Amino acid sequence: GELAPRVLRSFCSTAVKMAAPSAVVLGLGNPLLDISAEVPHEFVEKYGLKMNNAILAEEKHMQIYDDIEKHYKVQYINGGACQNAIRICQGLFGTGEDKYKCAFIGCLGTDEHATVMRSNLEAEGVLGVYATSEKNPSARTCAR
């Protein structure tokens with residue numbers, strides 16, 4: 001599901017032109033959507049996790065996203081190193097007349113999590129320019 005180099009170059013060129021009128025800081029990265037919730041210890045044990053630890057999700061962890069969203073009150077937070085840096089930078093500018101001083105370029109799926117990410121970025125005053133992938137879902141991570 002990778003974008004062909006020519007298509008990627010074309011997208012990036014267009015994205016930079018879209019951001020150019022207002023943005024003074026531009027980031028290109030892999031957007032993640034962090035899903036944060038308070039869960040009981042049984043939930044942690046169910047997926048073989050350890051407290052205060054990070055893992056690379058394996059096949060046995062794939063249901064955790066649907067499980068946590070279905071049974072617990074979740075908070076969605078845009079993440080990924082580059083997107084976080086851009087969000088922080090925009091926070092320094094503020095969201096008034098300095099809205100869109102920072103822009104982020106990335107790729108999302110066409111799922112509900114992509115909608116959440118776009119909305120979160122807009123609320124923070126960051127110009128989000130995303131390619132979309134019909135084949136791959138938006139990247140999600142979980143935290144407790």
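I started with the largest nonpolar core, which has ten residues: Leu33, Ile86, Cys102, Phe104, Leu108, Ala114, Met117, Leu121, Val126 and Tyr130. For a nonpolar core I take buried Ala, Val, Leu, Ile, Met, Phe, Trp, Tyr and Cys residues joined through side-chain atoms within 4.5 Å. Both β4 (102-108) and α5 (112-123) put at least two residues into this core; helices (H or I, at least four residues) and strands (E, at least two) are DSSP runs, numbered from the N terminus.

A note on the source: this is a predicted model, where local features need pLDDT of at least 70, side-chain atom pairs count only at pLDDT 80 or more, and totals for chains, interfaces and linings use all residues. Residues are numbered from 1 along each chain as its sequence is written, and side-chain values use heavy atoms, with hydrogens and water left out.

Next I looked up a second, separate core: it has nine residues, including Phe43, Val44, Tyr47 and Ile64.

Then I turned to the rings. I found three aromatic pairs (Phe, Tyr and Trp rings, six-membered ring for Trp, with centres within 6.5 Å; planes under 30 degrees apart are stacked, over 60 edge-to-face, the rest tilted). Phe43 and Tyr72 pair edge-to-face, 5.3 Å centre to centre with 80° between the planes. Phe43 sits in α2 (residues 41-46) and Tyr72 in the loop between α3 (64-71) and β3 (75-79), 29 residues apart.

Which of the two is buried? Phe43 counts as buried, at 6% relative accessibility, while Tyr72 is partly exposed at 25% (buried is under 20% relative accessible area, exposed over 50%, partly exposed in between; 1.4 Å probe, protein chains only). Last entry: ring pairs join Phe43, Tyr47 and Tyr72 into a cluster.
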